[in-house]
Amino acid sequence: MRAAVTAIANHRILFLLPVLQSFQKPITSIRNRIIVRNIMSETDPTSFTRPRLVTKKVLAKHQREGDGAVVRRCIGRSELKSLDPFLMMDDFSVSPPAGFPDHPHRGFETVTYMIQGGITHQDFAGHKGTIHTGDVQWMTAGRGIIHSEMPAGEGVHKGLQLWINLSSQDKMIEPRYQELLSEDIPSAEQDGAEVRVIAGESMGVRSPVYTRTPTLYLDFSLRPRAEVHQHIPESWNAFAYIIEGEGVFGYQNKTPISANHVVVLGPGDGASVWNKSSKPLRFVLIAGQPLNEPVVQYGPFVMSTQAEIDQTIEDYHYSKNGFELAKHWRSH
Ligand code: FJE
Ligand code: FE
């Protein structure tokens, strides 16, 4: 009930803002309304007063990656180099024999979220498994992982892979995996808006995933005419990627944004999205606390200085400082 009231209040404020902003005087009335809402919704995690607007919109086109795989690069492309702490995000599609054969990582985390099919993962420490539709693998590469990521069987396998940077003091931590099966991903529904909480909290439910770099990762499905209002910490960077359908982001009167677009959300303490279409809308909303540290990237190695990158290349070459197990390992 409270959520519904807040959604309506939100709706009205957001609708009024563009009108009010064209005048000088009514600023006080915005303030008054916000104060009223703050009192009303002090304990409501969905409430916010400064809606984030779209500051950038990029279409993620197909490109080749790995060994014959096709990705739509959302973050890490020339128009959107990175969005601290996010280094890269690929919307990938692979069919055998394509895939991502043996390759290393150091200094960050990879988060693989399956949309369709399965990916089989094997690493140099004997960790092996397959994640299927709706499952997530949160891999902290830390000081080093060498692995292969290949399609599990015939047909097309799709998902999202996000790279999250680690702070300089966390870059050399022990590698770690957190794997969540689809059925263990918390979800909630409100007025035609469903959320799967991969990391962080939404609609009063929390993910068990530990995010060393604080991250919010939500998968929303909105039925026609549904809307969602999500709190995002003020100092965090945030973006959305549309998987299916089209949605209105930021202000209610904006033009809808269609599938395969990435939108960067500007300053504010929350985001609003409306599905004004007659088809389902599915998108991920991802936000993270910026590290504000230098980033030196050499392919799958991400460190803070060139000297650390040089050291990493040496460690990888001589199988040391975390890459010991690489000496005689190959995936099979
Ligand atoms: C790669 C380094 C990499 N996008 N999407 C260099 F780590 C990779 C790589 C991936 C990847 C893997 C999956 Cl499962 C999904 C991805 C890049 O493994 F392709 C290159 N060239
Ligand atoms: Fe990888």
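By class, the shell around ligand 1 holds five nonpolar, four polar and three charged residues. (Ala, Val, Leu, Ile, Met, Phe, Trp, Tyr, Cys and Pro count as nonpolar; Asp, Glu, Lys and Arg count as charged; the others, Gly among them, count as polar.) This is a predicted model, in which local features need pLDDT of at least 70, side-chain atom pairs count only at pLDDT 80 or more, and totals for chains, interfaces and linings use all residues. Residues are numbered from 1 along each chain as its sequence is written, chains are lettered from A and ligands numbered from 1 in the order in which they are written, and side-chain values use heavy atoms, with hydrogens and water left out.

Which residues surround ligand 1? They are Glu-65, Gly-66, Met-88, Asp-90, Phe-92, Phe-100, His-103, His-105, Glu-149, Gln-161, Trp-163 and Pro-300. A residue is near a molecule if one of its heavy atoms lies within 4 Å of it. Three strands each supply at least two residues of this shell: S4 (86-94), S5 (100-105) and S11 (157-165). Strands are DSSP runs (E, at least two residues), numbered from the N terminus.

Now look at the polar contacts (pairs of N or O atoms within 3.5 Å). Glu-65 places a polar side-chain atom 2.5 Å from a nitrogen atom of ligand 1. For Asp-90, a polar side-chain atom lies 2.7 Å from a nitrogen atom of the ligand. His-103 has a side-chain N or O atom 3.0 Å from an oxygen atom of ligand 1. The protein covers 87% of the 460 Å² of accessible area that ligand 1 has on its own. That area comes from the Shrake-Rupley method with a 1.4 Å probe.

Next, the space itself. Ligand 1 takes up the largest pocket. On a 1 Å grid over the protein atoms alone, a pocket is an open set of points where a 1.4 Å probe fits, with protein on both sides within 12 Å along at least five of seven lines; lining residues have an atom within 4 Å of a point. A molecule sits in a pocket if more than half of its atoms lie within 2 Å of its grid points. The largest pocket has a volume of about 580 Å³, the space filled by probe spheres set on the points. Its lining has 28 residues, and Arg-73, Met-88, Trp-163, Gln-297 and Gly-299 lie nearest the centre. S4 gives the largest share of the lining, five residues.

Finally, the backbone. Most peptide bonds are trans. The bond joining Asp-84 and Pro-85 is cis, with omega about 10°. Pro-85 lies in the loop between S3 and S4. A cis bond also runs from Pro-96 to Pro-97, with omega near 5°.

Key:
Polar contact = N/O pair within 3.5 Å; in protein donor to acceptor, adjacent residues only side chain to side chain. Helix = DSSP H or I, 4+ residues; strand = E, 2+ residues; numbered from the N terminus.
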